[in-house]
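Here is a short report on a single protein chain.

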Amino acid sequence: MIDTQTKPQELMGVYNRAPLEADHGKGVWLYGRDGRAYLDCVSGVATNSLGHCAPVLVKALTEQAQKLWHVSNIFRIPGQEELAHRLIEASFADTVFFANSGTEAVECALKTARRYHYAKGAPERIDIIGFAGSFHGRTYGAINASGNPSYLEGFGPRLPGYVQLSLDDRPAIEAALRAPTAAAVIVEPVQGEGGARALDAEWLRWIRALCDETGTLLIYDEVQCGMGRTGRLFAHQWVPDAAPDIMAIAKALGGGFPVGACLATEKAAQGMTVAVHGTTFGGNPLAMAVAMAAFDAIANEDMLAHVRAISAKLFTGLREIAARYPDQVVDVRGKGLLIGVKLVTGNRAMMATMREHGLLVAGGGENCIRLLPPLTITGEEATEALTRFEAALAATRAAG
């Protein structure tokens, strides 16, 4: 066990870590160094899409590790071309840039949008319009796109050209898109950290039409809600006629291995010419091998149908529990296996109580907890998650 009492703090103190020392995992189960088993409905925050140590990913990583790890993007990397083709065939996109993380994919999306207008002879169009409750990552551009004051505090002045609005304030949104400086809208079709809020189909069609009318680009951040999480390969695919111009994905794309990607139409990417953007590690052979294996496992109808079935089971069970515990649960929301439960009591305390009952959940905005199990969670494991969830509520009620 780690001796945290006598060792100096050698890690930068930017995390409020839970007292769980992870040792190993298998599927939906995470095991601590003390041998205790936890039903993991955090999944590395929607990242371990196929569970811990999925054999198909271990095989892909091991085989590639014996061949080639890293070269450079000054050379062709066949895995990039193969994975890009898979993504393009399955989406709206014509072109892909590979990175290492979601926030890097978002940075590429932001640059792509501004560069588009520059290439079109309108360099004044720089405004990125984002929304309250959003989360786009932790790089400087990404936190400005989100506009969360707690993430911006202490990092100097706000970057110019970033606008934050309410998703519900349509007059303000329309005015911002009609401004001569509007470049792009960035939005999560299903908000993750903001409290598992699924945007309705009518809103997504409305913003798509408004972007078309004003010549503003539409960026979807599907870092958390994409790659099968909602029961479609990409969350926006639930809504016909609402495809974006640019999209950021990551997390589940690598099944736990660091991979991100920015997808775009040929039109939207016209300004991304040689030397205007780049990466050292993005799209390396190891990442591509794992991501291709993860993509093939997720992007098939059997897997997506399984996600929809397990989602229905969890939503039904959670709503039944909510009806029994109206003193503790306000709402059950989200989509697919991105589920938010809004609480009466503090979500941080509830996360700790659930951990004591062997269930790992994530936090979220609006006093929510999120359940983000692997897409491979079985019906029996979903039932066990519901049992542990209710036991934690019962313990909280008894202690109150």
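## Surface and burial

The accessible surface of the chain comes to about 17800 Å². Carbon and sulfur atoms hold 55% of that area. The model is predicted, and every value here is computed from it.

Of the 400 residues in the chain, 51% are buried. Buried here means under 20% relative accessible area.

## Overall dimensions

How does the radius of gyration of the chain fit a compact globule? A compact globule with 400 residues would have a value near 21 Å. The chain has 21 Å, so the two agree.

Along the principal axes, the C-alpha atoms fill a box of roughly 65 × 55 × 50 Å.

## Fold content and contacts

The chain has 12 helices and 15 strands.

## Packing of α11 and α12

Two packed helices are described by the angle and the distance between their axes. Helix α11 spans residues 347–356, and helix α12 spans residues 379–399. Their axes come within 9 Å. They cross at roughly 120°, and the crossing is right-handed.

Which residues make the contact? From α11 come M350, T353 and M354. From α12 come F389, A392, L393, A395 and T396. By class, the residues of this contact are six nonpolar and two polar, with no charged residue.

Note on methods: Residues are numbered from 1 along each chain as its sequence is written. This is a predicted model: local features need pLDDT of at least 70, side-chain atom pairs count only at pLDDT 80 or more; totals for chains, interfaces and linings use all residues. Side-chain values use heavy atoms; hydrogens and water are left out. Axes are lines fitted to C-alpha atoms, for helices over the stretch in contact, and angles run from 0 to 180 degrees between N-to-C directions. Helices (H or I, at least four residues) and strands (E, at least two) are DSSP runs, numbered from the N terminus. A crossing is left-handed if the near helix is turned anticlockwise from the far one by less than a right angle, and right-handed if clockwise. Contact means heavy atoms within 4.5 Å. Ala, Val, Leu, Ile, Met, Phe, Trp, Tyr, Cys and Pro count as nonpolar, Asp, Glu, Lys and Arg as charged, and the others, Gly among them, as polar. The radius of gyration is taken over C-alpha atoms; the globule rule is 2.2 Å times the number of residues to the power 0.38. Buried means under 20% relative accessible area, exposed over 50%, partly exposed in between (1.4 Å probe, protein chains only). Accessible areas come from the Shrake-Rupley method with a 1.4 Å probe; for residues, only the protein chains shown count as cover.
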